[in-house]
Amino acid sequence: MVLPGTDAAAIDRAAAALAAGELVAFPTETVYGLGARADDDLAVERIFACKGRPADHPLIVHVLDIDQARHFSSSLEGAATRLIETFWPGPLTVIVARAAGVAEAAAAGQSTIGLRSPAHPVARALLEAASQHGVAGVAGPSANRFGRISPTRASHVVDEFGDELLVVDGGDCDVGIESTIVDCSRAAPALLRPGQIPRERIEAVLGRPLEAPGADAPRASGTLEAHYAPRARLRLMPAPMLNTALQMLGDSPLKLAVYSRTVALPSGSRLSRRVMPDDPDRAAHELFATLRELDDLGLELIWVEEPPSDSAWDGIRDRLTRAAAA
Ligand code: TXA
Ligand code: MG
């Protein structure tokens, strides 16, 4: 059932459901999350069951602010606090040491925990109302079945899970790709997942370059090689290659669509094409909705033009590369 996120009574109903250990999908500025109270392992286990997510993949816990974050981590300091002060509320998740005995299921048993304070006003209203009901934080992976494309609209969540689930509608997600994840639990901060915030901005705050994830980094589904997959096979190609491939295709009966920034269809082509915006923030905003829309055409193939190589496109390139690997 979809509840309007602008309605205070609806927010309170959703907050009460969270407090009672039920699942509630909610909007954030990145993507929609599938929430359960993080301080209740049984509630959190419902998330894993609903998504079909392996139990050893930890979840992000959403909090209102650094004070709520301290409930889940007793050692918020150094790099993590600098990042929190700069980027919260916003699309940044920090991985930090977990306080003893809390959020065991959300952390999938790891000694660390991922924390994020969302900026979306509806997410904040929900966290606020839930905290009035005694909820310390809301565990929430993206509200999609395991390995599929993250939802950026309430209707995407309903497409994934049906009408039974409570979904708070907050409109289209602004950012459109999942949060940047920085692991601050080790000596040197590492970038586990690129997002909207360019790595240079994070490095400027930290005063040092971000490391690559270590080989011993915990399993992170968003960091699996194959993820974010549409049903159609996705191929990522540099512009000249895509252009040549399209010229060679002729009148082939392939069920194919093109998602490109600079490469146009050959004249007379009857293929579907979606245009990727030149601006990386706009491109990210539309990315998952466009992939879902193309997927609904019942295609065999989606040919995508490789995004530009500068760091503002890192998050988009990362999602497309993983979708292509599926
Ligand atoms: O933007 C987002 O981050 C969205 C919205 C809903 O907040 N959430 C999201 O959650 O993308 P999810 O579960 O789809 O991706 C979270 C990523 C996963 O790759 C997970 O493994 C990683 O964060 N993660 C969570 N806790 C971790 C931990 N303790 N150590 C390492 N990775 C962790
Ligand atoms: Mg996800």
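**Labels and their grounds**

Modeller: The model is predicted. Leucine 234 stands opposite isoleucine 302 in E14.

Biologist: How do you know that E11 and strand E14 are paired?

Modeller: Five bridges join E11 to E14 (residues 301-305). Pairing requires at least two bridges, so the two strands count as paired. They run parallel.

Biologist: What makes E11 and E13 edge strands?

Modeller: The open sheet has four strands in the order E11-E14-E12-E13, with parallel pairing. Strand E11 (233-237) and strand E13 (272-275) each have a single partner strand, so one side of each is left without a neighbour in the sheet. From one strand to the next, the twist averages 20°.

Biologist: Which helices lie across strands of this sheet?

Modeller: Helix H8 (residues 239-249) lies across E11, strand E12 (256-260) and E14, and runs at about 140° to E14. Helix H9 (residues 280-295) lies across E11, E12, E13 and E14, and runs at about 165° to E12.

Biologist: Why is H9 called roughly parallel to H10?

Modeller: The axes of H9 and helix H10 (residues 314-325) cross at roughly 25° and come within 9 Å. Angles under 35 degrees count as roughly parallel, and therefore H9 is roughly parallel to H10. The crossing of H9 past H10 is left-handed. In this contact, Pro280, Ala283, Ala284, Leu287, Phe288 and Leu291 of H9 meet Ile316, Arg319 and Leu320 of H10. By class, the residues are eight nonpolar, no polar and one charged.

Biologist: Why is arginine 201 described as partly exposed?

Modeller: Arginine 201 is found in helix H7 (residues 199-206) and has a relative accessible area of 46%. Buried means under 20% and exposed over 50%, so arginine 201, at 46%, is partly exposed. The C-alpha atoms of arginine 201 and methionine 237 are separated by 28 Å, the two residues being 36 residues apart along the chain.

How values were computed: Residues are numbered from 1 along each chain as its sequence is written. Chains are lettered from A and ligands numbered from 1 in the order in which they are written. This is a predicted model: local features need pLDDT of at least 70, side-chain atom pairs count only at pLDDT 80 or more; totals for chains, interfaces and linings use all residues. Side-chain values use heavy atoms; hydrogens and water are left out. Buried means under 20% relative accessible area, exposed over 50%, partly exposed in between (1.4 Å probe, protein chains only). Axes are lines fitted to C-alpha atoms, for helices over the stretch in contact, and angles run from 0 to 180 degrees between N-to-C directions. Contact means heavy atoms within 4.5 Å. Angles under 35 degrees count as roughly parallel, over 145 as roughly antiparallel, 65 to 115 as roughly perpendicular and the rest as oblique. A crossing is left-handed if the near helix is turned anticlockwise from the far one by less than a right angle, and right-handed if clockwise. Ala, Val, Leu, Ile, Met, Phe, Trp, Tyr, Cys and Pro count as nonpolar, Asp, Glu, Lys and Arg as charged, and the others, Gly among them, as polar.
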